[in-house]
Amino acid sequence: MREFGKHRGAVVGLAVIVVMIAVSVLSPYVAPGNPEEITQERLAPPSWNHLMGTDNVGRDVLSRVMWGGRISLAVGFVAAVIAILVGVLVGGLAGYFGGRFDDLLMRFTDAFMVIPTFFLVLLIVSMFGTAITNIMIVLGLTSWPQTARIARAEFLSLSKMEFVDAARVLGAGSARIMFRHILPNALPSILVALSMRVAGAILNEAALSFLGLGDINVITWGQMLHGAIRYMTVGWWMAIFPGLFIFLTVLAFNTVGDGLTDALNPRLRHR
Amino acid sequence: MSLRAYVLRRISYSIPTIFLVIIFNFVLIHAAPGDPVIYLYGHLDVTGQQIEIIREAMGLRKPLYEQFFIYLSRILRGDLGYSFYFRQPVAELFAQKLPATLLLMCASLLPSIVIGIVLGVTASRHARSRIDYLISGSAMYGYSFPVFWGGMVAIVVFSVWLGWLPAMGMTTLTVAEEKVGLDYVVDVLRHLVLPATVLGTWYLASYVRFTRASMLEVLEKDYIVTARSKGLEDRQIYYGHALKNALLPVLTVIGLEIGMIFTGAVITETVFAWPGMGSLLNAGIVSRDYTLLMGGFLITSMCVISANLVTDCVYAILDPRISYR
């Protein structure tokens, strides 16, 4: 943790994430207005009344950005957690048991990693509906292979450690060794993967929304950008601010991931 | 193992991947809520009787495994179905649109690979210095913005405000005579600048990151220390000794990311109305033309799988250790 603290960018990133989460959670109290309220003040440029201007039907962009953060961040976290659960399960089993079983699982993982999952997501979401829960699940279930690779490497090297032998001698079963002994030691790497997955899922949700496959019943940053396409020339603020929030959030998660990697990798540190 | 045996084995490895993609398509069309006929033809006004005829023709009455083999043999023959939105075979549609997408991909990919590697090496040469922080820092920024948003901003700034470059399409649409020869090429290039730059920035960022990380790893090796103690020049050490070895993992990453590259191209095309596969898929999304979307998934998968195969074989030729393992 001390090494992480030395990574200035990562600390700033963490602060940005905390602020983003706080603003999103507290948006009913801190947002200046109602995000859904339609007014006559259409496409008003940023001013003291509307710090980020208003959109094509007169809704306050700042309020929408704050409320949109709730769903966008939720998509990021839920999808990332699903991806981590599947990835750690697949990678963990493969790394721990090894042999033929490992070969089979990893062959599947590699095959999955190669295929352009975004097109698969496009297809599934357009067929099964664009409800936000659908999007979260689909994004999660298609982005686990990278995590599986990381988890496999960790479980493989940790299962050869002496403390695992000690636990086995003491009579611990495979499940207990995996969850109680190996998993806690693999957590830092899994945390890095989580951070990267959140960033990826937020970007992918935005891309889906942009292509018109977002949930039209909720406000997300991607959905706001989708609405802004046709008004770019007359209301640049409609496009700039939601995009800026996606950018900052993704940047923050990526820098935190990088900071964690540096802190975990002492070989690269002392240079 | 000889190089040929390696290549053959590598080809056999990609067969399960192709199968996986085909199975995904097949399962999806059957697992989706509702009738496959309604999915594929539902947006047309079909009567109950017509549905029965289609069902018979599609072989939907046969057992599922038999249906799968019918589907498989159709795909192996290159028949990807018929787009009811465009009223054209899907394979034909993609064949028409692929060149524009490939042009955009190459125009953004090639410069970003070269510049990315040079910047990555420079960053590793001055690791932990100001130059390194500047390069890796900017790479982090370039890596984190949504491509389509970058495109929107670029259009607003360079087309709308400054009016330097065209914002939409691949050629200028004029009522007057069509541009020919050099004029045409210049026109296309002018349209290419914004989408290729936006897309390229994003690739560039990831290649800088990978090259730098890979270089730092290699620079630890004993033969670099030897090269240094021999008194070789910096240039020779970095570009001659280290980069040669550091490039291999970068090559793999480029191969693995072809899928992402396709995704980025498709999204960028949508922003700039570039008439390639992205615009095609976008039409498929709007009209819910599932045959078209499935064809898109299949074709991009095939491209990605072959690109992977090629990078792996190039890798094996460049690095004999791989095939002799």
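Predicted model: local features only at pLDDT ≥ 70, side-chain atom pairs only at ≥ 80, totals over all residues.
Residues are numbered from 1 along each chain as its sequence is written, and chains are lettered from A and ligands numbered from 1 in the order in which they are written.

**The two chains**

- Chain A has 13 helices and 0 strands, where helices (H or I, at least four residues) and strands (E, at least two) are DSSP runs, numbered from the N terminus.
- Read from the N terminus, the elements of chain A run α-α-α-α-α-α-α-α-α-α-α-α-α.
- The C-alpha trace of chain A spans about 75 × 45 × 30 Å along its principal axes.
- Of the 271 residues of chain A, 50% count as buried; a residue is buried if 20 or more other C-beta atoms lie within 10 Å of its own, exposed if 12 or fewer, and partly exposed in between, with C-beta atoms placed from the backbone.
- Chain B holds 14 helices and 2 strands, and its C-alpha trace spans about 85 × 60 × 40 Å along the principal axes.
- In chain B, 35% of the 325 residues count as buried.
- Two residues are in contact if their C-beta atoms, placed from the backbone, lie within 7 Å.

- Helix α4(A) covers residues 61–97, and its 37 residues should span 54 Å at 1.5 Å a residue, which agrees with the 52 Å between its end C-alpha atoms; the expected span is 1.5 Å times one less than the number of residues.
- A kink of about 30° in α4(A) is centred on G68(A), the bend at a residue being the angle between axes fitted to the seven residues ending there and the seven starting there.
- Helix α4(A) is mostly covered, with 26 of its 37 residues buried, and just after this helix G98(A) takes a positive phi of about 65°.
- Helix α5(A), residues 99–114, has 16 residues that should span 22 Å, which agrees with the 23 Å between its end C-alpha atoms.
- The buried residues of α5(A) include L105(A), F112(A) and V114(A).
- These buried residues pack against α4 and α8 (145–158) of chain A, together with α1 (3–31), α11 and α13 (290–318) of chain B.

**The largest nonpolar core**

- A nonpolar core is a set of buried Ala, Val, Leu, Ile, Met, Phe, Trp, Tyr and Cys residues joined through C-beta atoms within 7 Å.
- The largest such core has 152 residues, of which V121(A), L122(A), L123(A) and I202(A) touch the most other members.
- Helix α10(A), residues 174–210, gives the most to this core, with 16 residues.
- Not counting residues up to four places away in sequence, I202(A) touches S72(A), V75(A), G76(A), I246(A), T249(A) and V250(A).

**Helix α9 of chain A and its neighbour**

- The axes of α9(A), residues 162–169, and α10(A) come within 11 Å and cross at roughly 140°.
- In this pair, F163(A), V164(A), A167(A) and R168(A) of α9(A) meet I177(A), H181(A) and I182(A) of α10(A).
- Just after α9(A), G171(A) takes a positive phi of about 95°.

**Where the chains meet**

- In the contact between the chains, 42 residues of chain B touch 36 residues of chain A.
- On the side of chain B that touches chain A, the elements that give two or more residues are α1, α6 (130–144), α7 (147–161), α11, α12 and α13 of chain B.
- Helix α13(B) gives the most to that side, with 10 residues.

**Positive phi in chain B**

- Most residues other than glycine have a negative phi.
- R87(B) has a positive phi near 55°, and its place is in the loop between β1 (82–83) and β2 (88–89) of chain B.
- R87(B) is exposed, with 7 other C-beta atoms within 10 Å.
- A273(B) has a positive phi near 50°, and its place is in the loop between α11 (258–272) and α12 (277–286) of chain B.
- A273(B) counts as partly exposed, with 15 C-beta neighbours inside 10 Å.

Notes:
Axes fitted to C-alpha atoms, helices over the stretch in contact; angles between N-to-C directions.
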